[in-house]
Amino acid sequence: MYALVDCNNFYASCERVFQPRLMGRPVVVLSNNDGCVIARSQEAKDLDIPMGAHYHTWEAAFRRNNVIVCSSNYPLYGDMSARVMTVLKEFSPHVEVYSIDESFLSLHHVPVADLLRYGQRMRQTVAKHVGMPVGAGIAATKTLAKVASKLSKQHNGVCVLHPQAKAEEVLATFPVSKVWGIGGRYARFLQGHEISTALDLCHAKDSWIQQHLSIVGLRTVMELRGTPCLSLEEVAPRKQVIAVSRTFRNAVKDYTALSEALATYTARAAEKLRAQQCGCTIIKVHVATNIYQDGLSQYGNSATVSFALPTDYTPRLVKAAVQGLKTIYRPGYAYKIAGVYFMGLVAEEEGSQLDLFNTPTPAPSRALMKCMDRINGEHGRGTLKLAAEGGTQPWRMRQKHLSQRYTTRWNEVLKVGV
DNA sequence: TCTGGGGTCCTAGGACCC
DNA sequence: TCTGGGGTCCTAGGACCC
């Protein structure tokens, strides 16, 4: 049996852990640049604030209803996530961290009769040790565990779907659009063919499913029928693409600012690259104006630069990014977004083809990167940076309602009784 | 005024090889 | 002059996830 454990309203709950005054009140967390709502507490959901609500159109309503507004605080959420996952690992030797707020656990070591109690104990332990409310869905396949997890809210936080018992009953009332792996497009298509519940989907013909939803969709259907097709992925595979892309607070016209931003994103992507012990052979930069704004002259373009040898050396990568930018920058446009992609990633231990005309990164440069990563890890991102990243960085994103990084910065630790 | 960011996988079709 | 069969690799586009 598999369990899916997911945190309730994760970002909003993280904010609450260190600000108890937010308990019982509507809380929303905003996207980068404080653009739109990306997480809501239950109270906020009860106010019918939709996911993706634009802050500026809702600002007045938020004020009227005493809604607490938070900018997203990823250092805090990332650390809280790690804490939850650490607790969960005490409950199973096999855990797949699926996303920042969800994990799949193998519960094959737990007797079927004990599953419900076991799930409750997981919930209580996470709540006690981390302060995070979680729910659990337990079933024979990952897809069914996902179904169970959606139902867990009506069952004191834990729902067990036993293989033989009443699975049909449950699936008959479960909308096909909420099935894991069925997105908006497929849901509309299926409804057009009179498939509106998970049970209808189970009864569809395999060949028809594969024809229209590909092999991936067929796997989903098999899993709904109780046949496991997706195994637990305990070690996260190395990423094939690393992307860092941001919209700017205010549009940027200036080449220097654009180049600083891209250098900063490249440095961040290079940190991620080194963290997964890879080198990069292709770097792509892109810039674009605001596509949402009518009446503005629009422009967007991207440029790709390749390396003869894979590299993870920030200065070399930044140089390539800037070189790419030079070929696509057009003066006179108001740029709203810029980003960098690293592709063609090669694992370090795989080694690389030697090249007659290029030398690999020399040892002192590698040591320098290691040193930078450590200092920035301990003292905060950007403590050490390249001059190319710029000083004041006026293009940085808007975060007007940012909470403290309670768990990762000594000078932002919660103070009690002062 | 203003609309997030970061990923994965599959398929079809074209170019090319022997 | 026309014909066959079996492949690989790459890219673009479309679907999905959180």
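Predicted model: local features only at pLDDT ≥ 70, side-chain atom pairs only at ≥ 80, totals over all residues.
Colleague: What makes the residues around the largest pocket count as its lining, and which of them are closest to its centre?

Modeller: A lining residue must have an atom within 4 Å of a point of the pocket, and 50 residues line this one, with Arg246, Arg268, Glu271, Lys272 and Arg381 the closest to its centre. The space in the pocket comes to about 1900 Å³, and its lining divides into 19 nonpolar, 16 polar and 15 charged residues.

Colleague: Why are E5 and E8 said to stand at the edges of their sheet?

Modeller: The sheet is open and has 5 strands in the order E5-E6-E1-E7-E8, with mixed pairing. Strand E5 (95-99) and strand E8 (158-160) each have a single partner strand, so one side of each is left without a neighbour in the sheet. From one strand to the next, the twist averages 15 degrees.

Colleague: What makes E7 and E8 a pair, and in which sense do they run?

Modeller: Pairing requires at least two bridges between two strands, and strand E7 (residues 134-139) and E8 have 3 bridges in the parallel sense, so they count as a pair. Ala136, for instance, has Val158 in E8 as its bridge partner.

Notes:
Residues numbered from 1 in each chain as written. Chains lettered and ligands numbered in written order. Heavy atoms only, no water. 1 Å grid on protein atoms, 1.4 Å probe; cavity = no way out; pocket = protein on both sides within 12 Å on 5 of 7 lines; lining within 4 Å. Points joined across faces, edges and corners; volume = space filled by probe spheres on them. Nonpolar A, V, L, I, M, F, W, Y, C, P; charged D, E, K, R; others polar. Helix = DSSP H or I, 4+ residues; strand = E, 2+ residues; numbered from the N terminus. Axes fitted to C-alpha atoms, helices over the stretch in contact; angles between N-to-C directions.
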